[in-house]
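Trainee: I'd like to learn how to read a model like this one. Could we go through it feature by feature?

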Amino acid sequence: MARAVTQKRKMINTALAWTIGLLIFFPILWTILTSFKTEATAIADPPVFLFFDWTLENYSVVQERSNYMQFLWNSIIIAGGSTILGVIIAVPAAWSMAFVPSRRTKDILLWMLSTKMLPAVGVLYPIYLLFIELGLLDTRVGLTVVLMLINLPIIVWMLYTYFREIPGEILEAARMDGAGLREEILYVLTPMAVPGIASTLLLNFILAWNEAFWTLNLTAAKAAPLTAFIASYSSPEGLFYAKLSAASTMAIAPILILGWFSQKQLVRGLTFGAVK
Amino acid sequence: MGQITLEKVTKSFGEVEVIPPLDLTIEDGEFTVFVGPSGCGKSTLLRLIAGLEDITSGTIRIDGADATNIPPAKRGLAMVFQSYALYPHMSVRKNIAFPMRMAGIDKAEQDRRIEQAAAALNLTDYLDRRPGQLSGGQRQRVAIGRAIVREPSAFLFDEPLSNLDAALRVGMRLEISELHKRLATTMIYVTHDQVEAMTMADKIVVLRAGNIEQVGSPLDLYHAPQNIFVAGFIGSPKMNLIEGAEAKKHNAHTIGIRPEHIDVTEGSGTWTGTVGVAEHLGSDTFFHIHQTGLAESLTVRAPGEVNLRHGDTIHLTPREDQIHRFNAEGLRIP
Amino acid sequence: MATKHSRSAARLMMAPAVILLLGWMLVPLTMTLYFSFKRYLPMRGGDQGWVGFENYVRFVTSTAFWPSVQATLIIVGSVLVITVAFGVLLALLLDQPMWGQGIVRILVIAPFFVMPTVSALVWKNMFMDPVNGLFAHLWKFFGAAPIEWLSQASLTSIVIIVSWQWLPFATLILLTAIQSLDSEQLEAAEMDGAPPLSRFGFIILPHLARAITIVVLIQTIFLLAIFAEIFVTTQGSFGTRTLTYLIYQRVLESQNVGLGSAGGIYAVILANIVAIFLMRIVGKNLDA
């Protein structure tokens, strides 16, 4: 709102908003700070906030003891793979729905949305059974496919809303200029939709990274991503706050950074274009 | 070559028939304008020729060969869209090169044609810019450049000037006309603006509700409109249409007389009325006249300055040889 | 508007996505439905034949069922109330002019990007631990006896954790909605002499109604399915066994697949009831 506001009001707003913002952010901040403490400092009474001997020891211990890199690698493969695979399948589908709409387009979109609402626990055993049958249990391939499927509706929807903003005449121009369907999608639509596709990739990467039902239930050791790595810390083993914090920080840091870039797309992606 | 023939072409969207069976031949090298009010099916007809829409039945021939089921990319036609439809992520050069890239023309030839088109269209300085950095007129020229380089057998224009302001529109109109004279390629041009139709066309196709009302040269349409619709649509200001007793005198159901064919006569005249609004343009004066007993309002165009104001009585004399007669079905009586 | 060519191409290009999702939906759902009518105990005798609706009856008559419904309702309801109420207030605040707006926004949104297992563990150990947690220190500082959060106030604890995760989502969506409000409307109301509170009540809140509905529906669907937060904190004990968790335990822990599948079908039906409302709204928006 471009309205004149007194300096005093602005100062009150600022103070209030920063206080609340820091309060909400505090658990994350505390985790990051604790990750640099020794285990003794981490449980000091009273708690130490900033003035302690900073140490990186926890990070190396976590890596050594639980092979953090393997979990990280699994997370990257599974989240990245499922997202890219999803986009490859979704781009043609979204093209069809955005540019060659039929009477059924709306129903198909809503139906896709409804599959996203299926409670995972309702199909847990069948998927478990199928995974055993197909030898997919605790494999990255299996998890990649499952995460691709649960995020596919969101990917299609996001791309669909982005594609709808591209004027159809430009694609028709490409057709008149001699482009076939492949060229039309590859040389004209995709480059024009790069911002939309990038946002879609980003948001779905985050969603896949944080997914914590299938990743916990369909993996054991080999294919376990960071969600499972952290869950393995749930049984207390003595003095472990600092190490838990270090592990947590490593698990969330990459995604926090990506997440900050995708705030705007978050709204669009998670409300299926219903809030703009 | 670029002769386009439509044989019994129809188009329906679901239950709605937007083009009833239609036959039309566009000769090679001709500048044909499809004109009509919005919703008359002129753009649909153009898109059928382009192949962007399927025809429901009938045949489209391009140079005699059946093109009905050929996809747009293979018809050898180029199209300029109302929104220009430039590729926003490509430079002007790449935009113009795109159809040649699709056709697999070699790089040197591409460059030669781009330079040539850019020179002809005054775009040489802008080749490395993006469409977003160009003015409306420049974008229009890029769209035309993109159409020219592929050396199509015909150009299709879909209301290309409607997004430009009035001054630019006149300039671009001339440029397109000159382009046609130079290339002598078939052009099909869709517009709702009868001035564009009259000034540019070799042949005008007047459409209403998907039906062809009349096909002819601009002056044919002006001098001998085949029905009341064409009579009213072509010419500006609109032709005056008079029914009733005055028409009976001429053995017609309706008579039509263009504003420029009614003279303002001093003292007395065939008709008398009261000036409602007088539009003084300097070169001409337009009178909108009430209380003539003929029609609700008559429009008269008098050359030069005529000093009559609102409320003045005016005497009018129509030129008898310029009166168009129509029967009860609205068709011309020869 | 298109040609036969492009329409058939469209159908072809939609096929992979549609077929995959159709398979993903139908195959497991059919299997769940199939198991739900069987006595099926993989570890104790396997498939023991058809039992009709017995599993469905047993699931709702077991002693664990109603407490789990209650726990689910308390968690979902409380989180919704907290996130929507604070979300509206936060969104209003963030819409005001201030210094460092962008940074505050980032601070507020951050929890949404924290993976559920991390947030649950961090809260459980570093805040809610009765000995070393920050809350314990805080309570002691004020002379109170520390609370054993996850056993004595288990549902409250889960609600706090989940609310913290979802508050950013509600705030972000409501903020987007507030920013789409035409500021001239507010100025007109101000000119008409409406004080701030009535401007909020008569203009802002009605404008937000749709966004709030969407937040409620989407969150409900996700909240009904929360799993990791319970899995790493209480494992369903101390009254935190939600419907989802109960089904999970029936299937994987007690290996009673028939019973768990019947529960799963209940969960599917429940989610669908919510989904229908959500899809109505989204569908209407598609027409616009």
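Mentor: Let's begin with chain B, where the C-alpha centres of domain 1 and domain 2 lie 38 Å apart. The model is a predicted one, so local features need pLDDT of at least 70 and side-chain atom pairs count only at pLDDT 80 or more, while totals for chains, interfaces and linings use all residues. Residues are numbered from 1 along each chain as its sequence is written, and chains are lettered from A and ligands numbered from 1 in the order in which they are written.

Trainee: Which residues belong to domain 1 and domain 2 of chain B?

Mentor: Domain bounds come from an automatic or database domain assignment. For chain B that assignment gives 4-231 as domain 1 and 237-326 as domain 2. Four residues of domain 1 of chain B and six residues of domain 2 of chain B make the contact; two residues are in contact if their C-beta atoms, placed from the backbone, lie within 7 Å.

Trainee: How do the residues on the domain 1 side of chain B divide by class?

Mentor: Ala, Val, Leu, Ile, Met, Phe, Trp, Tyr, Cys and Pro count as nonpolar, Asp, Glu, Lys and Arg as charged, and the others, Gly among them, as polar. On the side of domain 1 of chain B that touches domain 2 of chain B, that gives three nonpolar, one polar and no charged.

Trainee: What about the peptide bond from B:Ser236 to B:Pro237: cis or trans?

Mentor: That bond is cis, with omega near -5°. B:Pro237 sits in the loop between helix H8 (228-233) and strand E11 (240-243) of chain B. Helices (H or I, at least four residues) and strands (E, at least two) are DSSP runs, numbered from the N terminus.

Trainee: Now the chains. How many residues does chain C put into its contact with chain A?

Mentor: Chain C puts in 86 residues, and chain A 85 residues. Helix H1 (residues 4-36) of chain C gives the most to the chain C side, with 18 residues. By class, that side of chain C has 68 nonpolar, 17 polar and one charged residues.

Trainee: And chain B against chain A?

Mentor: There, 18 residues of chain B are in contact with 15 residues of chain A. H2(B) supplies the largest share of the chain B side, four residues. That side of chain B divides into 15 nonpolar, two polar and one charged.

Trainee: Back to H1(C). Is C:Trp24 buried or exposed?

Mentor: A residue is buried if 20 or more other C-beta atoms lie within 10 Å of its own, exposed if 12 or fewer, and partly exposed in between, with C-beta atoms placed from the backbone. C:Trp24 is in helix H1 of chain C, and it counts as buried because it has 21 C-beta neighbours inside 10 Å. Leaving out residues up to four places away in sequence, C:Trp24 touches A:Thr115 and A:Leu149.

Trainee: How do I read two helices that pack?

Mentor: Two packed helices are described by the angle between their axes and the distance between the axes. Axes are lines fitted to C-alpha atoms, for helices over the stretch in contact, and angles run from 0 to 180 degrees between N-to-C directions. Take helix H6 (residues 124-134) of chain A and H1(C): their axes come within 8 Å and cross at roughly 110°.

Trainee: What do you call that arrangement of H6(A) and H1(C)?

Mentor: Angles under 35 degrees count as roughly parallel, over 145 as roughly antiparallel, 65 to 115 as roughly perpendicular and the rest as oblique. H6(A) and H1(C) are therefore roughly perpendicular to each other. A:Tyr125, A:Pro126 and A:Ile127 of H6(A) meet C:Pro28, C:Met31, C:Thr32 and C:Phe35 of H1(C). This contact has six nonpolar, one polar and no charged residues.

Trainee: How do H2(B) and H3(B) lie to each other?

Mentor: The axes of helix H2 (residues 92-103) and helix H3 (residues 107-120) of chain B come within 10 Å and cross at roughly 130°, so H2(B) and H3(B) are oblique to each other. Among the residues in contact are B:Ile96 of H2(B) and B:Ile114 of H3(B).
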